[in-house]
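Here are my notes on the structure, point by point. Please read them with the coordinates open.

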Amino acid sequence: MSSAKSSLPLVLVAGATGYTGRSIVKGLLDSGNFRVAALIRPESQSKPATQELRASGVEIRLGDLKDGVPKLKEVLSGVSVLISAVSGSLISAQADLFRAAKEAGVQRVVPCDFATPGKRGVRELHDEKLGIRDFIKDLGLPHTFIDVGWWMQLLLPLPTRSKASEVSKAMTWSLHGTGSQKLLVTDLNSIGKFVARIVADPRTLDQAVIIWEDQVTELEAHEIGEKASGEEEVLKAKRTYVSAEDNIRLAAEGKAEYARDHTWGSLAKQSWSEYMHSMHTLGENTLEYAKALGYLDARELYPDIPGQTVEEFAKTFYSLEDPGVYYRDIA
């Protein structure tokens, strides 16, 4: 390693092999402003995703969130910035990682948020994330909280050719209420380039930031997607409508099912329905709402980063062999 590169700040990413984690790692590397390390469980060190990280120049540090503070402190040696993009099932398990970060002298931590903004009491997963934010503040850790607009990858109706489950496809063909509520949306692949700027910016220290690229209604997104898909009339005919009462009922059903079977499918049913209620009924996923909660606007902070429109994204989305790949972990 050259002396110039060795002097760059070291960012460690937990959850680096997930969708959000991969976007963040790429953004950090592409910026050229950081050395990047990834926290990888020992049993995953030979997996293809880990090998890809290593080949891209990422340092692999072996460890697990369950290792305890002393071991995690060793993993965090020399780390300037810690970013967590772990699975939604591991939100509370981040606690020891942040305790270790405090002891290791990490200069900034970013917990696993990376979702739409909102208040307490609407989404259980979001409430868990807000609890971790409070924990970080109580520790006195320098931090940045980052949320993002709804993924464009989950916004557009899937084509009938998708190999996603029928449940997943039907979810994407649904409109919530009248579909007229404006939404902040973001291409998953753009998250990393914003994160790389945010964690290098002193203005964002001890602040919350919202990343977004476009604002559309759900109905507008469906119309854009139907036209771009090449199946406009077919997908229009498959539209269904979900009421606010339906979302509340489905969330309750998912919660009860998860209490019985503890399966990811039941948890996803609850979480998805709560997200739909937050965004489409309560209107929480808007720039006005995020600013009212105290978020800084990433588009205002970094006007030089071009934002992608849904129309532009749709062309790429429907050219994929299977645009439904992102639903594999949902249903």
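1. A salt bridge here is a side-chain nitrogen of Lys or Arg within 4 Å of a carboxyl oxygen of Asp or Glu. By this rule the count comes to 18 salt bridges. Bear in mind that the model is predicted.

2. E59 and R61 form one of these pairs, with their closest N and O atoms 2.9 Å apart. E59 is partly exposed, at a relative accessible area of 34%. R61 is buried, at 17%.

3. K169 and E166 meet in a salt bridge as well, at 3.1 Å from N to O. Both residues belong to helix 7 (residues 166-172) and sit 3 residues apart, about one turn of the helix. An α-helix has 3.6 residues a turn, so residues three or four places apart point the same way. K169 is buried, with a relative accessible area of 5%. E166 counts as exposed, at 54% relative accessibility.

4. R239 and E226 join their side chains in a salt bridge of 2.9 Å, N to O. R239 lies in the loop between helix 10 (232-237) and strand 12 (240-242), and E226 in helix 9 (residues 218-229), so the pair ties together parts that are 13 residues apart in sequence. E226 is buried, with a relative accessible area of 1%.

5. There is also a network of salt bridges to inspect. It links D246, R249, E253, E257 and K269.

6. In what order do the 5 strands of the open sheet run? The order is 3-2-1-4-5, and the pairing is parallel. Strand 3 (59-62) and strand 5 (108-110) stand at the edges with a single partner strand each, so one side of each has no neighbour in the sheet. The twist averages 20° from one strand to the next. Helix 5 (residues 95-104) packs on the sheet and touches strand 1, strand 2, strand 4 and strand 5. Its direction makes about 175° with that of strand 4.

7. Strand 1 pairs with strand 2 (residues 35-40) in the parallel sense over 5 bridges. In strand 2, L39 is the bridge partner of A14, and A37 is that of L12. Strand 1 also runs parallel to strand 4 (residues 81-84), joined by 4 bridges. There, V81 is the bridge partner of V11. Strand 1, helix 2 (residues 19-31) and strand 2 make a right-handed β-α-β unit.

8. I210 and D147 are 63 residues apart in sequence, yet 4.9 Å apart in space, C-alpha to C-alpha.

9. Helix 12 passes a length check. At 1.5 Å a residue, its 18 residues (264-281) should span 26 Å, and the end C-alpha atoms are 25 Å apart, which agrees. Helix 12 is mostly covered, with 13 of its 18 residues buried. H277 has its place in helix 12. H277 counts as buried, at 16% relative accessibility. Beyond neighbours within four places in sequence, H277 is in contact with V122, A244, N247, I248 and L282. Just after helix 12, G283 takes a positive phi of about 65°.

Key: Residues numbered from 1 in each chain as written. Predicted model: local features only at pLDDT ≥ 70, side-chain atom pairs only at ≥ 80, totals over all residues. Heavy atoms only, no water. Helix = DSSP H or I, 4+ residues; strand = E, 2+ residues; numbered from the N terminus. Expected span 1.5 Å × (residues − 1). Buried < 20%, exposed > 50% of the residue type's maximum accessible area, 1.4 Å probe, protein only. Pairing = 2+ DSSP bridges. Right-handed = clockwise from strand over helix to strand, strands pointing away. Contact = heavy atoms within 4.5 Å. Axes fitted to C-alpha atoms, helices over the stretch in contact; angles between N-to-C directions.
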